[in-house]
Amino acid sequence: MDTNLPVSSLPRVVIVGCGFGGLRLAKELANQPVQVVVVDRNNYHNFQPLLYQVATGALEADSIAYPIRKIFAGQENFFYRLADVQRVEPDRNTIVTDIGEIGYDYLVLATGSVTNFFGLDTIEKNGMQIKSVPNALNLRSFLFQNFERAVLEANPAKRQALLNVVIVGGGPTGVEIAGSLAEMRKDVLPQDYPELDLKQMEIYLIEAGEAVLGPMSKEAQQTAHKYLDEMGVHIRLNTSAKRFEDGKAYISDTDFIRTENLIWAAGVNGAALPGFSDQQITRNKRINVDHHNLVTGTTNIYAIGDVANMVTDAMPKGYPMLAPVAIQQAEQLAANMGRILKQEPLKPFDYTNKGTMAIVGRNRAVVDLPQDIHFGGFFGWLTWLFVHLMTLIGFRNKVVTLISWAISYFSSDKALRLIIRPYKRRDYKKHSGQSAAEHLNATPQYNPTPPALQEPVKG
């Protein structure tokens, strides 16, 4: 199939992935004498930090997604193709996609990350993840389907398993999901399900490390832990999930938590594309780059964001997989593209840490800023809301999200408790050769591998 891209005398910069890094890079190249081609398997930009709110019914999916073509309307040097990139062929300066081949003068990989299950097959098969809009919608449907099943279940043990939720991973995503579900248990679910004793619903947060929010300050960790305790979340530190089967989440060979709802938020890998050598790819599937984001062993291929492994003296394990890193690398690479075209020396990437934050619940958030500034509570909550609202793409999304938050705040309600498409788990091994169906459980922002599809729930 011909991708029908116009022939141009300008150098072609192909950007694979339109997450935070790819989006910013394409915008920054608007006034450069280049042809910009963005390739993504989704036709929208996905604001991942708010996926958990879609999953818990606080926001609708179209509040955090925005059409790629609309974002770049009016940018004359921009072209977009909806495609799944299958591999890179550096010797031919070509990427191979499911709609045909696309040649490039410069290639930028901004493919982001995918869920890392650390080889735990039963968790990959039966658990839920939250890396994409389809994931969030699936999780929302699955949770409310299990609440509906709990209404009908006469067996106390099975009903308990349908109500309990186990979240694996005490990073920002795990903490935010746990807090949101705790608020739902207190304010929302008792109104919807008066037949159920929601006091029996238990929420567990499992963390292998010594504290929640491991990368944040001690103050933030302790404050978040206190908030979760107050909200009735059971926190298990220094604890790892071993397997998940038959309605049981095992935390040792014999100890388990009875649940049908396991949410995996414990790890990610870089979404590296096929076509690179083992020396160019790290153990966690990130691509080795130099201080200019140039992929090692290449002259015209770059990687930014989560997929890029840039090692420095200050960051011996590479920069963290955070949106600010991706955005700053995109800005620096765009400036360096201009220098390349002018044959000027390039400037190395230098990350400016502007702080980190996490929200736990209403009036509860933690914020770490440079110069050892830490705060939380209501002011931290307002800071989190403001930063995320301003970062959303599109005026409509900002307005709709602000209104939704205001309604939720004053009414203690989350109105989007909808099972739009019933979700069924299917065996990812049995269906690994099939195309992505509507019930898929693994569609990250960009994932070149076949999605993991899951097995129907029995009885």
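**Ground rules.** I number residues from 1 along each chain as its sequence is written, and side-chain values use heavy atoms, with hydrogens and water left out. In this predicted model, local features need pLDDT of at least 70 and side-chain atom pairs count only at pLDDT 80 or more, while totals for chains, interfaces and linings use all residues.

**Whole protein.** I found 12 helices and 24 strands (DSSP runs, H or I of at least four residues for helices, E of at least two for strands, numbered from the N terminus). The radius of gyration is 22 Å, close to the 23 Å that the globule rule gives for 459 residues, so the protein is as compact as a globular protein of that length (C-alpha atoms; the rule is 2.2 Å times the number of residues to the power 0.38). The C-alpha trace spans about 70 × 50 × 40 Å along its principal axes.

I looked up burial next: 55% of the 459 residues count as buried (under 20% relative accessible area, with exposed over 50% and partly exposed in between, 1.4 Å probe, protein chains only).

**Threonine 122.** I placed this residue in helix α4, residues 121–126. Threonine 122 has 22% relative accessibility, so it counts as partly exposed. Beyond four places in sequence, threonine 122 touches Gly127, Arg243, Phe244 and Glu245 (contact means heavy atoms within 4.5 Å). Arginine 243 is 121 residues away from threonine 122 in sequence, yet their C-alpha atoms are 5.6 Å apart. I also noted that a polar side-chain atom of threonine 122 lies 3.0 Å from the backbone nitrogen of phenylalanine 244.

How values were computed. A polar contact is a pair of N or O atoms within 3.5 Å; within protein, one must be able to donate a hydrogen and the other to accept it, and residues adjacent in sequence count only if both atoms are side-chain atoms.
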